[in-house]
Amino acid sequence: MPLTRYSAEAFGVLTICLVGLLVLLGLVCIGYTFYLRSCVLKQRFILLNYFSGPWIIRITFILFTIWWGFGEIIRLNYLRRPGRVLNVLDFKWQENVCKFYIVSNLGFAEPCLFLTLMFLLRAPLQNIDTGILSRKWNGKTASCVLLFALPVFVLQLFLILIGPELRENRKELPPYFTRTARSMQNSNDIALCSYPLLNTILLGLFTTVLTAYLIWLGRRILKLVINKGLQKRVYTLIFSVSSLLPLRVLLLGLSVLSRPEHFLFEALAFSAFLVLLCCAGVCIVILVYCPVADCLALGNLNDLEARRRVILDDQNDTASLIANQTHLDESIGISPERNSDASTKRGSISFRTFIRDEPSSGPFVELSLFSPSRDENPPGSPPPVGWPMMSSTHVHGP
């Protein structure tokens, strides 16, 4: 079925809007990552240095995602119609843009995206000294990603360059195996991008290998995870990547059954774009946003705990001063019973002191805003009204 003008504009506008949302999500996560890194460098969250170790690779993963999103925009037939941005180019240059898109996205952005994902998942399994705490880990990982993606990039570029020769030398080979663009029926000046089947098969082989490695890697990670929340994240990530990546390759392969200006082709191409968009969004949230948000929350809890300890230390110092004042009152002849009655009349206060009749007992502080004593009482004895006085270096938990 031929593609109508409104359908083409709907697919194009929706693709641009979704890429914009993905870029916005990526920029927010990059800002979050830089904020966590600044907190670690300022010694505020020094204990979280391990979790902020792969910050460069996380940002690199987002940048590869943004690169892929802009590549999906330049592929759109929506931009090639009369009056659009790419319509000012002639047919040859529009075809070169389609070739650049195949090499850029299928040959570079997507392989780098998948490889970076694998290295981020593999990071917790590495040795601490040589892993993400190492100063060279980010640089080594980035080099490995580019090195492993280089063969795929070279093969994709090779298939694009020898495509015209294959069509001329092998007449029995269908054109859709190597064709990167087709002319519009009503206008020979407009080149519509398509997906060469050979390039899609190469991407499928690469995706199959990485999917198998991901499943093996995920099983190792699940053996180390003891938190149910983290288990859900790992399961979601493994299921999303292992199902959506092969589905994208399948949809791209089926796109050769229709012409680029038909509705079926645009629906398949948009579905393949949407599948990888969802996969990239899930990966960004689980691998970038959630770890950074957890670290910031844990750091804030540490700050609250430190402030609580300071307050408790001050309160213990105040209680010690009150106890010392009680001893001073006793030395000038004030009876313990009168002091106890006076303290009782003061009403509900946080700290009250008294001296027990037993000579072996020391000063006690009643903590009316805190939990009872942790020590168990002997059977039949009344519960103690306070905790034994501790030095200011000891902290009682709430």
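1. Arg-259 and Glu-261 form a salt bridge in which the closest N and O atoms are 2.8 Å apart, a salt bridge being a side-chain nitrogen of Lys or Arg within 4 Å of a carboxyl oxygen of Asp or Glu. Arg-259 counts as buried at 19% relative accessibility, and Glu-261 is buried as well, with a relative accessible area of 12%; here buried means under 20% relative accessible area, exposed over 50%, and partly exposed in between (1.4 Å probe, protein chains only).

2. Please keep in mind that this is a predicted model, in which local features need pLDDT of at least 70 and side-chain atom pairs count only at pLDDT 80 or more, while totals for chains, interfaces and linings use all residues. Residues are numbered from 1 along each chain as its sequence is written, and side-chain values use heavy atoms, with hydrogens and water left out.

3. A search of the whole structure finds four salt bridges, and salt bridges that share partners join Glu-72, Arg-75, Glu-110 and Arg-248 into one network.

4. Arg-248 forms a salt bridge with Glu-110, their closest N and O atoms being 2.6 Å apart. Because Arg-248 lies in helix H6 (residues 228–254) and Glu-110 in helix H3, the pair ties together parts that are 138 residues apart in sequence, and both residues are buried. Helices (H or I, at least four residues) are DSSP runs, numbered from the N terminus.

5. Helix H3 also holds Phe-114, which is buried with a relative accessible area of 5%. Leaving aside its neighbours within four places in sequence, Phe-114 is in contact with residues including Leu-203, Phe-206, Leu-245 and Leu-276, where contact means heavy atoms within 4.5 Å. Phe-114 and Ala-280 are 166 residues apart in sequence, yet their C-alpha atoms are 9.6 Å apart in space.

6. Cys-278 has its place in helix H7 (residues 263–331) and is partly exposed, with a relative accessible area of 39%. The C-alpha atoms of Cys-278 and Ser-240 are separated by 8.4 Å, and the two residues are 38 residues apart along the chain.

Notes:
Helices (H or I, at least four residues) and strands (E, at least two) are DSSP runs, numbered from the N terminus.
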